[in-house]
Amino acid sequence: MSYLALARKWRPRAFSEVVGQEHVVSALIHALDENRLHHAFLFAGTRGVGKTTLARIFAKALNCEQGVSSSPCGACPTCQAVDEGRFIDLIEVDAASRTKVDDTRDLLSNVQYTPTQGRYKVYLIDEVHMLSTHSFNALLKTLEEPPPHVKFLLATTDPQKLPVTVLSRCLQFNLRALQQAAITDQQIKILEAEEITFQPSAIDILSRAAAGSLRDALSLLDQAISHGGGQVEEERVRAMLGMIEDKVVFSLLNALADRDAEKLMLVVKEMAQKTVSFTSALDDLLLGLHDISLYQNNPQLVEELDRNHPISSELAGKFGSEDVQLFYQIALIGKRDLPLAPDQQSGFEMVLLRMLVFSPDPLPEALSHTPSAGAGAKPKGAPREVKRTEKKAPVKEKKTQKNKEIIAESEVVMEQGSSTSVPHDTDSWERFVVDASLSGVVRELAMNIAPVFDPSKDQLRLMLDKAHQNLFSKGRAKEINRALTEWLGRKITVDFQIDDVVAQSPAKEKRDKITARQEEAERIIDQDPNIAELKRRFDATVIPGTVRPSEN
Ligand SMILES: [Zn+2]
């Protein structure tokens, strides 16, 4: 199966196709059309927002055989070579892997020679801030007196690390992280063109998980399509990203409103059994609290959000408006500190318990009824009486006792943590992925990895199936490596290997399970005597692809 990753297939080939960087694009178009070209440009911005893409289009614009213009023909041999990534005069360098001064000298010693194929040589130096001081000095010399046939495109995620001397010689553009709406639009455009069915709510989740990077969004979309067997559904996407279902968010919110610590811990326990990401669970909780606050101020505003499962008036009525603000703040800080917790589950539990402990006062029973419908229902802090009835007292005591148990529990987990062994199979690897709270594309990459541990060399080989290589990047590999060191409490040798071999990974195990369940469901339907009777009597047929395994 030759499948071209969406990010590659849909890489913009003209300035007009670039999404979300209008200010940069229009400046470049202007410069090209008026032939007033600076010799060095600096693109600053996070990963996956289009730096390399812009560089390629720029190289085409300068070298198109039809002449220099902002709209290169896209058909001549030069344009095609650039599009296919084999244009010899576009020299792409990743400074992160070439930081030594000799490397840069090597690179820059060729600057003086005229281009081989085109009019201009275009140097794209990615992560330019990673160059050493000596390398910067070598670069600076060239930037001071560049030959007329050379253009420099420097890209960085961290412009503050660049020497002023370099900055002052470049025309700087700041690339923006993309708005979620822009990412959603692009994903939908692609899905429609590819004729892939999808649920809009699933796309919302994917575009949120991409955190401003269109490239990440398309990698996730690729994964979602393969997880969903050719379609993109909310439930599958949530499972893929390790997100909790809406009903779990509602259970948590209800238990919070009821100040029910026992129920809260029970829900968390169920979540842990499903290998969810507690970071994304906090995100869901934050969104839920946001919606409640919005509802309390104006229910109409929540309707406009067009949520799959909107906040009910009953739930919104159970919270004091000040509590919602406090809980939101606690969840926000909890999310920031989650990576520091001994493990994700206990960190998440502490966030919930903190909400109960710091809540201003127990909610008087009188307020816990449903507010009358309509915009007028504004639960305010004012009419709340602080009724510390005897009935409440035992609950308080129970809560404290429960807290002790939880503290004891997290101590046990810490002890286990100190003797963490290197993940050597799918189960232990998945435990690491969840514990380390990897998220977004990094998590998706990790879930598709099969670990092979060699204890004699203390070496961990991470195998990635070729079919998922579009998830791989050096940065993500580094992030996994760092998380692994932190999780183990020591450093081990890790190497990544992209392979044809179909190795067993957590994600693959899940996909296989889904396929097996699907086949089982189809077999059951096929053998069901009632269905057979329907077929016989009414000439009924089972429409292919409509059989779905049940929840249980
Ligand atoms: Zn051309």
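Biologist: Is Pro-506 buried or exposed?
Modeller: This is a predicted model, and in it Pro-506 has 23 C-beta neighbours inside 10 Å. The cut-off for burial is 20 or more. Pro-506 therefore counts as buried.

Biologist: Which helix holds Pro-506, and which residues is Pro-506 in contact with, leaving aside neighbours within four places in sequence?
Modeller: Pro-506 lies in helix H23, which covers residues 506-527. With neighbours within four places in sequence left aside, its contacts are Thr-426, Trp-429, Glu-430, Val-433 and Met-447.

Biologist: How far apart in space are Pro-506 and Ala-450, C-alpha to C-alpha?
Modeller: In sequence, 56 residues separate Pro-506 and Ala-450. In space, their C-alpha to C-alpha distance is 7.6 Å.

Biologist: Why is helix H21 described as largely enclosed by the rest of the structure?
Modeller: Helix H21 spans residues 440-447, and its buried residues include Arg-443, Glu-444 and Met-447. The cover over the buried residues of H21 includes helices H9, H10, H20, H22 and H23 as well as strand S6. H21 is largely enclosed because the number of its residues that are buried is eight of eight.

Biologist: How are H14 and H18 oriented to each other, roughly parallel or roughly antiparallel?
Modeller: The axes of H14 (residues 278-297) and H18 (residues 344-358) come within 10 Å and cross at roughly 20°. Angles under 35 degrees count as roughly parallel. H14 and H18 are therefore roughly parallel.

Biologist: How many charged residues are in the contact of H14 with H18?
Modeller: H14 contributes Phe-278, Ala-281 and Leu-282, and H18 contributes Gln-344, Gln-345, Gly-347, Phe-348 and Val-351. By class, five are nonpolar and three polar, and the count of charged residues is no charged residues.

Conventions: Residues numbered from 1 in each chain as written. Predicted model: local features only at pLDDT ≥ 70, side-chain atom pairs only at ≥ 80, totals over all residues. Helix = DSSP H or I, 4+ residues; strand = E, 2+ residues; numbered from the N terminus. Buried ≥ 20, exposed ≤ 12 C-beta atoms within 10 Å, placed from the backbone. Contact = placed C-beta atoms within 7 Å. Axes fitted to C-alpha atoms, helices over the stretch in contact; angles between N-to-C directions. Parallel < 35°, antiparallel > 145°, perpendicular 65-115°, else oblique. Nonpolar A, V, L, I, M, F, W, Y, C, P; charged D, E, K, R; others polar.
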